[in-house]
There are 10 protein chains.
Amino acid sequence: MLFHVRMDVAIPHQIDPAERAGLVTAERERALALQESGTWLHLWRIVGKHSNISVFDVRSSDELHEILWTLPLFPFMTIDVTPLAAHPSRRKST
Amino acid sequence: MLFHVRMDVAIPHQIDPAERAGLVTAERERALALQESGTWLHLWRIVGKHSNISVFDVRSSDELHEILWTLPLFPFMTIDVTPLAAHPSRRKST
Amino acid sequence: MLFHVRMDVAIPHQIDPAERAGLVTAERERALALQESGTWLHLWRIVGKHSNISVFDVRSSDELHEILWTLPLFPFMTIDVTPLAAHPSRRKST
Amino acid sequence: MLFHVRMDVAIPHQIDPAERAGLVTAERERALALQESGTWLHLWRIVGKHSNISVFDVRSSDELHEILWTLPLFPFMTIDVTPLAAHPSRRKST
Amino acid sequence: MLFHVRMDVAIPHQIDPAERAGLVTAERERALALQESGTWLHLWRIVGKHSNISVFDVRSSDELHEILWTLPLFPFMTIDVTPLAAHPSRRKST
Amino acid sequence: MLFHVRMDVAIPHQIDPAERAGLVTAERERALALQESGTWLHLWRIVGKHSNISVFDVRSSDELHEILWTLPLFPFMTIDVTPLAAHPSRRKST
Amino acid sequence: MLFHVRMDVAIPHQIDPAERAGLVTAERERALALQESGTWLHLWRIVGKHSNISVFDVRSSDELHEILWTLPLFPFMTIDVTPLAAHPSRRKST
Amino acid sequence: MLFHVRMDVAIPHQIDPAERAGLVTAERERALALQESGTWLHLWRIVGKHSNISVFDVRSSDELHEILWTLPLFPFMTIDVTPLAAHPSRRKST
Amino acid sequence: MLFHVRMDVAIPHQIDPAERAGLVTAERERALALQESGTWLHLWRIVGKHSNISVFDVRSSDELHEILWTLPLFPFMTIDVTPLAAHPSRRKST
Amino acid sequence: MLFHVRMDVAIPHQIDPAERAGLVTAERERALALQESGTWLHLWRIVGKHSNISVFDVRSSDELHEILWTLPLFPFMTIDVTPLAAHPSRRKST
């Protein structure tokens, strides 16, 4: 089941640089692992913003919330989730 | 080059049913052809809305505009385009 | 899996009264059937508006879209869907 | 009498961790007690947000305000209250 | 129990003048009756708009919805309802 | 002459508790005095918010500004003022 | 007493041209008369819009509402009224 | 003197096709003439919209308003004007 | 050439009181000088807000920007500029 | 390929003045270099704001993101990017 997720990141300027670097690294590792598992299906950067647009493939909205809630950068993110459905004009992959 | 495109469709209620059906069919054929060519990369329905979220792969913004402008349902659509870039945490496909 | 759904209804003033009555009746019957099946879990009227707030229990977002898309009043509704998850402070029913 | 309540929580990053933990625990105990009494009827987490959607069953808007105003996390919350009414299509529980 | 209600009226230009006059008269009579009963406590015009701000004193949100839903001008109104509570600095009438 | 005034209060978390208490007390005394004089005609709490909706009866907008500008909590408030006029359906008090 | 008033005019395209011309002429005559009396103090066009920004000098908000409500173009206007007060840095005219 | 101007065009669906074509042609001729004179300095299409972003070089805001107000498509456009100034980092053309 | 300018001032609470007083005084002196020169044509306080609505008479948008950019309170202000034009119904001063 | 970019700058008040000056200088040098290379095609100041409207000429959205992401003031900017296309009424330069 697919969910469209937009994440806007706003890390306070005055945060300790080492803490910031640690957070970003941990976030990257988490993202790679979730992509590896096929859960984090698509991940794109929005041009000009510290934001991404992603598509997640999960079994339930509870599973999605657990993933998002435990992302290292969650406390610094505004997240908008849009549930997706199959589009009738979607070309069936042969 | 990737663009995130949201299309919200609002066909007037009082339009002639046959005209509506013709438009929708033409739109579907156009969408299938563009998916076939690899230009229309992703196409999802937004749950609960006559709207879709798509990702287009084009060589220029001019090419994207030409595609959108000539969609049969263009006159009845509100379209928002967000340019995408590669995300540093994007897993490299092996 | 639970989804919070808000539906704002705007039926054009100039619609034929008989058609309006037919739509409303068909919508009510559909709503009752979906409640009967346990899919439409909660249904409340927003005070002062031709709108409702509902909670649906479905197996997938595709199923939810199919339900909403085929509601008789769908063409006259603005629908916003918010995916829900279990809240950690939710009292476990004994 | 039912009220739909959305609570968006924003606890400042720089708050003392122990104080934060204490607030969250106190909030949870308060929520459990209010659910126990039947006042806090429904409580769901909004996917991807430190927010909840709830439904309260109270005898007056004054009672509701008193409850919300005295929630431990009140100072860190944006709360929107929407009064609900019975919906004409609501299935009568047999 | 008090509710703050804002009503923005937008009667289509092309409506039949006699029908418009009838609606406005019926609305006025309804408003006078509800004021007479003490339900419609305050009624002010917003300067420069075909809108009013009112305060209703009712026993439940269901009662308020029934009142608003049956106002002659309801189909042409956007209504926003804000539940009110007693303010701690409110001077007790001696 | 009547003005509808909404005040949303946001006192910074990190303010000294004694200073906060002093401000709130001073604000209450000011509100009581203005109600006593008949200037602050109505004062209600918005359910779920540190906000109020009030109606002021003043001789000029300058007088109203002077009152609002000198409220102890003014520096921490967002204030929206809406001028009111007599409504044609307003029941004449017999 | 001064009020800042913005008027955005939207006359339906399909209105009868003669009716439109009559409305615009009547509006102009009314505006000239009100300027003559000193009530309509300032009147500017917003560049690129069928809108104006005005300042009215009236004795009460009721008087202002009566003026605006009876403008020939009132049914086609969105009007926003902002009460003004003397600014402490306003140069006293010598 | 430079002004940034965004024009969003919304021609009603039900307009007579010949009238539409005439308007668009007249608009194009006007735009070409204004570019020819150096007044309409830049003209770009917003991807996915019947909108443009332009920059005008005029001697006064009155001149700009006169130009915009007399564009053939003016009645069908929402226009937003933003005055521009020289940027301190602007490279001086050698 | 006239520009409508709205300035919303938000000086941080924790600023040093002496610095605040100095800024406000410098701002007032600047405003008086600009009014003296005829540039700052109108200056009104918005009731209930630390904001003003002004009208400036300048020779160019560059001149206006220079004035606004160098106002002592500029760093603490949100400024919105709307270019004005002569209104066709503006009474010619005899 | 052209992109319209608006940058709103908000450097915290309490930042060290030397750091601020360094950032602004570095930003200016970067802007001059990018203009020199023809990438940063247009750069205008929005009157009354610490903001600019620019047009970039780049080969891809990835290139644009890289440029914006590495601007010295990026951490303090809100950036909105609008892809542009050739306008059919654009005068061909002879």
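In chain B of this predicted model, strand S1 (residues 2-9) and strand S4 (residues 77-86) run antiparallel and are joined by 7 bridges; strands here are DSSP runs of type E with at least two residues, helices are runs of H or I with at least four, both numbered from the N terminus, and two strands pair if DSSP finds at least two bridges between them. Within this pair, B:Val5 stands opposite B:Val81 of S4(B).

Both strands belong to a barrel, which 8 strands close with antiparallel pairing in the order S1(A)-S3(A)-S2(A)-S4(B)-S1(B)-S3(B)-S2(B)-S4(A). From one strand to the next the twist averages 35°, where axes are lines fitted to C-alpha atoms, for helices over the stretch in contact, and angles between N-to-C directions run from 0 to 180 degrees. Helix H2 (residues 61-69) of chain J lies across S2 (40-46) of chain A together with S1 and S4 of chain B, at about 70° to S4(B).

Chain J has no contact (heavy atoms within 4.5 Å) with chain F, the closest C-alpha atoms lying 17 Å apart.

In helix H1 (residues 17-36) of chain C sits C:Gln35, whose relative accessible area of 5% makes this residue buried, meaning under 20% with a 1.4 Å probe and protein chains only. Beyond its neighbours within four places in sequence, C:Gln35 is in contact with C:Trp40, C:Leu43, D:Ser89, D:Arg90 and D:Arg91.

Residues are numbered from 1 along each chain as its sequence is written, and chains are lettered from A in the order in which they are written. Local features need pLDDT of at least 70, side-chain atom pairs count only at pLDDT 80 or more, totals for chains, interfaces and linings use all residues, and side-chain values use heavy atoms, without hydrogens and water.

Technical notes
Buried < 20%, exposed > 50% of the residue type's maximum accessible area, 1.4 Å probe, protein only.
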